[in-house]
Each structure stands twice: as structure tokens, then as C-alpha cells.
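Biologist: Hi! Could you walk me through this structure, one question at a time?

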Amino acid sequence: QPQLVESGGGLVQPGGSLRLSCAARGLILDYYVIGWFRQAPGKEREGVSCISSNGGRTNYADSVKGRFTISRDNAKNTVYLQMNSLKPEDTAVYSCTALRVISSRTFSMCLYEYNYWGQGTQVTVSS
């Protein structure tokens, strides 16, 4: 059964950094657009960032632009989310998704559709 496994979450002080990983098991990420989402208690799920299958295109939510960087290493079948200058409002469960590339429009659908969804990793930003 294909699955996505997130790791790297934890407790960090405001201004600190974390790097999240999204590792794929049973599927080859080369063929997928990957997205990162987050959900805080009592809030709606928010799309954070997307990366195209070859890493050539990325996008970010305004709330994280300039602080977060998405990247991928297809040789390791893993996508990363580097989070710097963390704020308390970044506290949430972070999950990754994979959307199979079927056309040039797939990247634009990253935050709206998915084929696979990971269990998530908790990020807590607090002093």
C-alpha cells in the first residue's frame, strides 16, 4: 500500500527552524506533484506550499513566503519543507500530499486534489 510518511516536527522556540521530511513508500515521487498542508486546532486546513515533479516550480502561501522553502530529492524519494523564522501561528499538524502528474495543469491543482495523504507531523512553536 503506497504511503507518505512525514517526520521532523517538534517543539521549537519562536524564531527557530525545523526541516520536515515527506518520504514516500511504495510509490515513485518523480511522477507526483507534492504539496504541504497544515491544520491548527479549530482552524481550517491551509495549503502551505507545492513543488512540481522535477522541482522546477514551487509556490507558497503568503503567510509563509520568504520563511519556508520546499525542495525535493527524487533520488531519495523525499520532499522537504525547510521552515525558518517560525512563529507561534505556525503551530499545526503538517501533512504532505501527492498528486499524480497527468497534464501540464496538474501543478495548479496541487492544493485542491491529491492521490495520497500522509498522517502528519506536529509542529509547535512556543517559548
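**A chain of strands**

Modeller: Happy to! The chain has 11 strands and 0 helices. Keep in mind that this is a predicted model.

Biologist: What pattern does the chain follow along the sequence?

Modeller: Strands and helices are the elements to read off here, and the chain has 0 helices. Going along the sequence, the pattern is therefore written with strands, as the strand definition numbers them from the N terminus. That gives β-β-β-β-β-β-β-β-β-β-β.

Biologist: What radius of gyration does the chain have?

Modeller: Let's start with the box filled by the C-alpha atoms, roughly 45 × 25 × 25 Å along the principal axes. For 127 residues, a compact globule would have a radius of gyration near 14 Å, and the chain agrees with that. Its value is 14 Å.

Biologist: What share of the contacts between residues at least 6 apart in sequence join residues at least 24 apart?

Modeller: Here we take contacts in the chain between residues at least 6 apart in sequence, and ask which of them join residues at least 24 apart. The share is 59%.

Biologist: What percentage of the residues are buried?

Modeller: A residue counts as buried when its relative accessible area is under 20%. Of the 127 residues, the buried share is 42%.

Biologist: Which residues touch the most other members of the largest nonpolar core?

Modeller: This core has 28 residues. Elements giving two or more residues to the core include β3 (18-25), β4 (32-39), β8 (78-83) and β9 (92-100). The residues that touch the most other members are W36, L81, M83 and Y94.

Biologist: Which residues does M83 touch, not counting those up to four places away in sequence?

Modeller: M83 is one of the core residues that touch the most other members. Leaving out residues up to four places away in sequence, its partners are G16, S17, L18, L20, R67, F68, Y94 and V123.

Biologist: Is T124 buried or partly exposed?

Modeller: T124 is found in strand β11. Leaving aside neighbours within four places in sequence, T124 is in contact with G10, L11, V12 and T91. Its relative accessibility is 26%, so T124 counts as partly exposed.

Biologist: How far apart in space are T124 and L86, C-alpha to C-alpha?

Modeller: In sequence, T124 and L86 are 38 residues apart. In space, the C-alpha to C-alpha distance is 9.4 Å.

Biologist: Which residue meets D62 in a salt bridge?

Modeller: D62 has a relative accessible area of 65%, so D62 is exposed. The N to O distance in this salt bridge is 3.1 Å, and the partner of D62 is K65.

Biologist: How many residues apart in sequence are the parts that D90 and R67 tie together?

Modeller: The side chains of D90 and R67 meet in a salt bridge, 2.7 Å from N to O. D90 lies in the loop between β8 and β9, and R67 in the loop between β6 (58-60) and β7, so the parts they tie together are apart in sequence by 23 residues.

Biologist: Which residues do salt bridges that share partners join into one network?

Modeller: D90 and R67 are both buried. Through shared partners, salt bridges join into one network R38, E46, R67 and D90.

Methods. Residues numbered from 1 in each chain as written. Predicted model: local features only at pLDDT ≥ 70, side-chain atom pairs only at ≥ 80, totals over all residues. Heavy atoms only, no water. Core = buried A, V, L, I, M, F, W, Y, C linked by side-chain atoms within 4.5 Å. Buried < 20%, exposed > 50% of the residue type's maximum accessible area, 1.4 Å probe, protein only. Helix = DSSP H or I, 4+ residues; strand = E, 2+ residues; numbered from the N terminus. Contact = heavy atoms within 4.5 Å. Salt bridge = Lys/Arg side-chain N within 4 Å of Asp/Glu carboxyl O. Rg over C-alpha atoms; globule rule 2.2 N^0.38 Å.
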